[in-house]
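Reader: I've got this model open on my screen and I'd like a close look at just one part, the place where the chains meet. Please walk me through that contact, and then tell me what sits around it.

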Amino acid sequence: MIVIFIEPGGTRREIEVPEGWTLMQAATANGVEGIEAECGGSCACATCHCYVEQGLERLPPPNETEAAMLENVAAERQPNSRLSCQLKPDAGAAPLCVRLPWRQS
Amino acid sequence: MSFAFDPFAAAVDADPFPYYKILRDEYPCFWSAEAGMWVLSRYADIVVALNDWQTYSSAQGNMMTELPNRAGSTLGTTDPPRHDRLRGLIQHAFLKRNLEAMAEPMRAIAKMVLVAVREREQFDFLEDFSSKFTVRVLFAVLGLPLGDEKQVRDQAVLMVQSDPVTRQKGPAHLAAFAWMTDYAAKVIEERRRQPQDDLISLFSQAEIDGDKLAEREVLLTTTTLIMAGIESLGGFMAMLALNLADHAAARRRLVAEPTLIPDAIEESLRYNTSAQRFRRCLQRDVTLHGQTMRAGDFVCLAYGSGNRDERQFPDPDSYDIDRKPKGHLGFGGGVHGCLGGAIARMACRIAFEEFLDALPTFRRVEAQLPWMPSSTFRSPLRLQLART
Ligand code: HEM
Ligand code: FES
């Protein structure tokens, strides 16, 4: 499934996210700029922060751990802030689109 | 001849990579009769397993040979939601930004340990540097009373080993585990009597949803933190030192430009992967690469192989500090990704800043290294280095 990442510098990257992978994993594996993912996806670092620009309503809401960890993001937290290691793409009509913040730590 | 993969074999301790290549290319979902479990060796398959704890459960234990009665009572051996609550209690202390205060104490420990090493023409990196450094750093982080460092480290190293013949924990390994559990129990009791501002005090009094943690959870989580912290960190530092001894060009660059040390740490986590293999237990049947694994079967996730998978990392067998291998599996990943990742990175960086400053040039003395007999971890028992 394709997901669009907008890097902090504005570059748009269309990335194929394999079945069962998270957005964070696909982004880091493809060298997308703007994600640190220091904790490797254990929802313990908040350095994989993203803003979901398209498709937010299709995603399951954050669980307790993600909600708590979102309080630690370095860039401004917005209503569409999520942790990309907790997100998997869906087969929705239009691809998910996430924007990466200017800083992660 | 049919292919066999025995994670208990000494040949695999010494050099698992040729086996991994065959596994990835020809048997990506392999039943190891010797280990009594499936082995997943490709990066992409391991990532999928790590993301799916509902299917790949840790609740029956995560070490290849599990310690008795540990499963179900520690972070690494529970599944969400219990796991997340347990982790929530201590996670905060391990956040990168909450570790900054540790930087100067860590540097002071490294400098102090190096005083004796500086004088020597030849020394054992493990005995003389990394063990002393990691034990003292972990003692400071967890709040353990000073005095028993050497014994604690020796037992931590024994606990993670297994007997290559019986493919189980032997009496010495079990005795080490019992020793560590006793040691943890004493520390917990002391901290309960006189709480201090440290992690064990906090943890030993913590509650989840109004319930105090079960005594076993406090005890075994503390025991595991000591083991995971000391053995994993010390073992990995030895692998990094080994890489720098063998790759003089990389070492020279780090000496000239210490800001590259974090890149070397990441590449060594990928290239060597001291935490080679962990296991999960299947909760439903899964068919992968034409094989059907059954609910109840154990599955080994070979992080060390995923990190050398050419499908993910081009030219995987070369050590390249410019690679910046994001997403490597050196700390595992998913809900059970290493709790100590940030602290381990910071401790390693500071240790090697000081080490390379004190000893900018060195070589290894022995061509063949004695490898630890462990189906889970991979590191040498001894690493003799000499100044050049
Ligand atoms: C370079 C050093 C280290 C390496 C290579 C390492 C590696 C790993 C790996 C691969 C896992 C995942 C296990 C699995 O998949 O079941 C893990 C988990 C864990 N590590 Fe580390 N580790 C290191 C240092 C530390 C330190 C310093 C600590 C503690 C102070 C620590 C505490 C833990 C804990 C508690 C878990 C279980 C986390 C959970 O299940 O939520 N580690 N480590
Ligand atoms: S990668 Fe650390 S919280 Fe997402």
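Author: What follows starts at the contact between the chains and then moves on to the rest of each chain.

A quick word on ground rules: this is a predicted model, where local features need pLDDT of at least 70 and side-chain atom pairs count only at pLDDT 80 or more, while totals for chains, interfaces and linings use all residues. Residues are numbered from 1 along each chain as its sequence is written, chains are lettered from A and ligands numbered from 1 in the order in which they are written, and side-chain values use heavy atoms, with hydrogens and water left out.

Okay, the interface. On the chain A side, 20 residues are in contact with 20 residues of chain B, contact meaning heavy atoms within 4.5 Å.

How many salt bridges cross from chain A to chain B? The rule finds 1, where a salt bridge is a side-chain nitrogen of Lys or Arg within 4 Å of a carboxyl oxygen of Asp or Glu. The partners are Glu38(A) and Arg345(B), with their closest N and O atoms 3.5 Å apart.

On chain A, helix 1 (23-29) and helix 2 (64-69) each supply at least two residues to the side touching chain B. Helix 1 gives the most, with 3 residues. (Helices, H or I, of at least four residues, and strands, E, of at least two, are DSSP runs numbered from the N terminus.) By type, that side of chain A splits into 7 nonpolar, 9 polar and 4 charged residues; Ala, Val, Leu, Ile, Met, Phe, Trp, Tyr, Cys and Pro count as nonpolar, Asp, Glu, Lys and Arg as charged, and the others, Gly among them, as polar.

Staying with chain A, Ala46(A) sits in the loop between helix 1 and strand 3 (49-54), and its phi is positive, near 60°, in a residue other than glycine. Strands 1 (2-6) and 2 (12-16) run antiparallel, joined by 5 bridges; two strands pair if DSSP finds at least two bridges between them.

Over in chain B, the iron atom of ligand 1 has a single protein donor, the SG of Cys338(B), 2.3 Å away. Donors are N, O and S atoms within 2.8 Å of the metal (3.2 Å for Na, K and Ca); water is not among the atoms, so sites may look incomplete. Cys338(B) lies in the loop between helix 13 (303-306) and helix 14 (341-358).

Chain B also has an open, mixed sheet of 5 strands in the order 1-2-10-7-3, with strand 1 (29-32) and strand 3 (56-57) at the edges, each pairing on one side only. Inside that sheet, strand 7 (277-282) and strand 10 (298-302) are antiparallel, with 5 bridges; Arg280(B) is the bridge partner of Val299(B). Finally, Pro80(B) and Pro81(B) are joined by a cis peptide bond, omega about 5°, and Pro81(B) is in the loop between strand 3 and helix 4 (82-94).
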